[in-house]
Number of protein chains: 4
Amino acid sequence: MAVQKNLRITEQLEAWVNDNKGHAVLGTTAQYIPALGKVDPGKLGICMIDEDGNYYCAGDTDVEFTLQSISKALTFVALSHHYGLEFVLERVDVEPTGEAFNSIVPFEIHRPNKPFNPFINAGAITISSLLPGQNAQKKFAYLKGFLEELLGHPLEIDKEVYDSEWATSHRNRALAYYLKEAKFLELEVEEALDIYISQCSIKVSVKDLALLGLILAYDGYNPITKVKHFSEEIAQVTKVLMVTCGMYNSSGNFAAHVGIPAKSGVSGGIMGAVPPKLHSQTYEFRAGAGIGVYGPAIDVQGNSAAGTMMLRQISKEWDLSIF
Amino acid sequence: MAVQKNLRITEQLEAWVNDNKGHAVLGTTAQYIPALGKVDPGKLGICMIDEDGNYYCAGDTDVEFTLQSISKALTFVALSHHYGLEFVLERVDVEPTGEAFNSIVPFEIHRPNKPFNPFINAGAITISSLLPGQNAQKKFAYLKGFLEELLGHPLEIDKEVYDSEWATSHRNRALAYYLKEAKFLELEVEEALDIYISQCSIKVSVKDLALLGLILAYDGYNPITKVKHFSEEIAQVTKVLMVTCGMYNSSGNFAAHVGIPAKSGVSGGIMGAVPPKLHSQTYEFRAGAGIGVYGPAIDVQGNSAAGTMMLRQISKEWDLSIF
Amino acid sequence: MAVQKNLRITEQLEAWVNDNKGHAVLGTTAQYIPALGKVDPGKLGICMIDEDGNYYCAGDTDVEFTLQSISKALTFVALSHHYGLEFVLERVDVEPTGEAFNSIVPFEIHRPNKPFNPFINAGAITISSLLPGQNAQKKFAYLKGFLEELLGHPLEIDKEVYDSEWATSHRNRALAYYLKEAKFLELEVEEALDIYISQCSIKVSVKDLALLGLILAYDGYNPITKVKHFSEEIAQVTKVLMVTCGMYNSSGNFAAHVGIPAKSGVSGGIMGAVPPKLHSQTYEFRAGAGIGVYGPAIDVQGNSAAGTMMLRQISKEWDLSIF
Amino acid sequence: MAVQKNLRITEQLEAWVNDNKGHAVLGTTAQYIPALGKVDPGKLGICMIDEDGNYYCAGDTDVEFTLQSISKALTFVALSHHYGLEFVLERVDVEPTGEAFNSIVPFEIHRPNKPFNPFINAGAITISSLLPGQNAQKKFAYLKGFLEELLGHPLEIDKEVYDSEWATSHRNRALAYYLKEAKFLELEVEEALDIYISQCSIKVSVKDLALLGLILAYDGYNPITKVKHFSEEIAQVTKVLMVTCGMYNSSGNFAAHVGIPAKSGVSGGIMGAVPPKLHSQTYEFRAGAGIGVYGPAIDVQGNSAAGTMMLRQISKEWDLSIF
């Protein structure tokens, strides 16, 4: 039975991968990070996982890629888990902003007393700098350990991507020095950037993203291993952030047309969390799911062009929107 | 049975009204609209309605007040219902912006090809101007008729509030002329403002807001009268907007701490839509609900100070968050 | 002797008109004001006047055109003359801004307690609204009378240009309502705009502009009629404004390459004030001069394309820069 | 005779120093640079120099202080002298901006193809990075040599101020990385900042500033030594910049009320260039002068509070305005 179900769903996913593969032409690989710019833009893969631990995969699912901005959601979880949500929300707000993820304008104009949210670079670098640990190395080690526990396997940094970003992230340095000036950053700028670029360079697969999405969908609980990793409260705020700011400046459109809490990265990855929806109009994934997508050609907003289109189709067909 | 259930829930709501009434001191009535500024800031009332049509009310529920910005959500629904969602989304985007609801800055800076969303004044005035009808009067009549059909009773404008806003809305005139210049507005500025200020001045009660919230929670369907008023798609996008931009510049915090799709107005009203949530951790309103709140002392963001705090408590206790 | 001198200078000016006529192709007539958009873009004319009242004219000098933004300098003078400089500087600042002349951005961002300077539209409309007189008509009549006294002949409004601007100035209405909201404007918006658009629509010739420039160069004194029209202080601040903000967003470049206090308008007019410069390296206009230029094809900044280039050549050849 | 003249002028200056000393309370020493913050805020000194080399000094004239932003004018001259004005103007514009001297906002908003002017930090750092020389050390050596030639004596860096600024200039680092990202900066950020902070830390006296001002007033020519140091063109554009942007965001007010091309620094120094003005209404400094002022208590704009007031009095009494 289960095998048949898997087959049917997998076949459906394969069809949708084929339907949407062509949308890769609407994007390009992230040219401003040389190591990301050179990958094959035509790839598209997806894995979904249900509450019983069944994976449903289609397309290019054997590729490893780096977390990039998807790490922002995970660092937020890791930090909140260690120090409590209140500690984090005192230091970073959770309000969406219509500005670019790396903009300095809203800081100069509004002079907020904390970054707008953890998913713009300013907020993300602040979050990284606050991770527990005496120095950058230990702070990053804490994050990596936290994620390895969630995933159940060791993680590695893509050294080439790390080096490429370290050398070219003038804009992030500008932002981080601005944060330093505004006294948002206790750590030294270069140390904070080291953690931030390290977390962006962690290698994952679509299977990994799917599992992480499932744990978020289940409010910090892994329904397969029966382990509670972090609190419901943390998971909920993370999903709020994914809906309001998870897909860069098309978060509103993604919420309207897809409606799945999701976080994307410029490597072309998307992590989606589909909460249980017992009154769903379809039977697929009524008990929730995690989704991992990879499609490295990104649109002008920074989201996987083909991946976004595919998720729109999937959400519509299987009624996965939380709205 | 039902009576007892009602009693218990109503008693609970009464307790929460009493708990939160004092938070009114954290806000003041909207001073920039003289007719709003002079009401009693200490009032606080709430009505909830369930799918069977039972009302659960507590506090100051007999007051009538004006829709103000809550009308933005309803005009969006009315226009989308008439011309289709696609028509509307071509003319107004659905992206949150971190700027003030009446800001001109993002237009000058980003020169978007449409207003950012229907809940900032620029988007709302554009939506109003597009309503079906040959002139301002007919356009407003269409909206009023649409709302009367939803509510099942006639509606009236608060003439004093209308006059007060008409005389003092220099900022909205500035915005509307800016829209005219940007060619977003086909209607004459004064006509568009007439519709917009008229819709803001419609008098409602917390019962009305609760019923409207229920219909949104039920995706355009009234479970009591069994009437389908508008499409699921329209309801979903409206709820996305309520989550991402419904509570002015604290929409993110409201989503994080309350998690109920909601739209507020500077008169102190809040309309909330609680979708069914069969896996809820409590039994109250598992099948969804509509919420109407009135508390005219508004905080710096423009939301009812006491109302927001009360909704936070209610959502937490009864697990009403969609996240 | 004088005739010969005139001849030589006039011949020189004629040569420079011919040299620079072609630069009109670098601009176009102001398309956003229909009545201005339709004039012949190829025209170029100049008149200079010396302290003895001799005119030196070349090119298309028989055309009448409207003052447009040149009126901003004159209204500033008229108001300062009536109420004193201190009164005016309390209400409008004299700081340059890098933003467009019709921008609302700096107001929202910086929330200044007065407009940045009298040469951006916000400052100019404020100045116009403050003119002495009980109503718009009388205020404009005061300005017109003041200018007629300076020029010694009656002035008229170009009704077609007035109507064209009145109908299309949505942006100025947006600005004016913004000013009203910010409480910078005591007058009603439509009245203030009536004065402002009236002053922009006053018809002048290059001879008129030259004479006005001479009076400014002579610190409010007409050396021909021996009449002192306004104080040295007013003239000096006006010339400061002409240097720092007189040529829209290329005022800095104009000062660097031409160095003559000047004010331009989108009709293609430029009024220049050449103060006495006894240590000049040439003999022409050592005792100062007034300049009027007309060249209706304006560049992206809003200045006469050919006129600006011609003034650059004249200033260099005759060492007219004040720097 | 000369001695008597000197005496009379010096006595006058001493009176004005006394008149204006008290205005120091309107400012404070620059607290954001610790080494500057701790000097005595009550000091006030002035030196003027005439075309014959006579110095007229009053008040606290024996203090050495650092150039800070005054160096921006001098680096502009040095670079323009080496590569020609055209080379420099291709890389940095000469337009005033109403934004703060260290703002990133106008870059993000307008995305200009070069910094707005050499007197905002972005332009100044760009200018410094372009100085001739293979590396930071050589580039700074060129500048220092150029200034020593103008002044006729060796110059030194205030190491304490340099260290203090190097450690605290997060905002300048943010700006410089932003410039790097925008490809305005060919040099490495840390090298460009090294030059920039070095030039800011050069120690001078009011006598030095007066002599530098005189050379600018005389269009690059030293009337005492009869040496032509740089071209008239360069001097003129520098004076334009001093008038339009030399006194931070009160340049317009300074031009209106003082009218002397001047450049200030947050150490409290002001360098003024008084060009010859043969038609002046007074006899003092008709043939031009250089002015050096020192008053370390700076106002909110960044200019010497007492120094600015004193220059206003001097310019008025001796008719030194170029307008």
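Trainee: How many Å separate the centres of domain 1 and domain 2 of chain A?
Mentor: The centres are 22 Å apart, taken over C-alpha atoms. Domain 1 is 2–65 + 204–318 and domain 2 is 70–200, with bounds from an automatic or database domain assignment. Keep in mind that this is a predicted model: local features need pLDDT of at least 70, side-chain atom pairs count only at pLDDT 80 or more, and totals for chains, interfaces and linings use all residues. Residues are numbered from 1 along each chain as written, chains are lettered from A and ligands numbered from 1 in written order, and side-chain values use heavy atoms, leaving out hydrogens and water.

Trainee: And how much area do the two domains of chain A bury between them?
Mentor: About 2,600 Å², 76% of it on carbon and sulfur atoms. Buried area here is the accessible area (1.4 Å probe) that two parts lose on being put together, summed over both. In contact terms (heavy atoms within 4.5 Å), 32 residues of domain 1 meet 30 residues of domain 2.

Trainee: Which side chains make the salt bridge there?
Mentor: A:Lys38 and A:Glu160, at 2.3 Å from N to O. The count between these domains of chain A is one salt bridge, meaning a side-chain nitrogen of Lys or Arg within 4 Å of a carboxyl oxygen of Asp or Glu.

Trainee: OK, switching to chains. How many residues does each of chain B and chain A put into their contact?
Mentor: Chain B gives 34 and chain A gives 34. They bury about 2,900 Å² between them, 58% of it on carbon and sulfur atoms. B:Glu95, B:Val240 and B:Phe323 supply 21% of the area that chain B buries against chain A, more than any other three residues.

Trainee: How many salt bridges cross between chain B and chain A?
Mentor: Two. A:Lys316 forms a salt bridge with B:Glu233, with the closest N and O atoms 3.4 Å apart.

Trainee: Last one: is C:Ile9 buried or exposed?
Mentor: C:Ile9 counts as buried because its relative accessibility is 3%; buried means under 20% relative accessible area, exposed over 50%, partly exposed in between (1.4 Å probe, protein chains only).

Trainee: What does C:Ile9 touch?
Mentor: Leaving aside residues up to four places away in sequence, C:Ile9 touches C:Tyr56, C:Glu284, C:Phe285 and C:Trp318.
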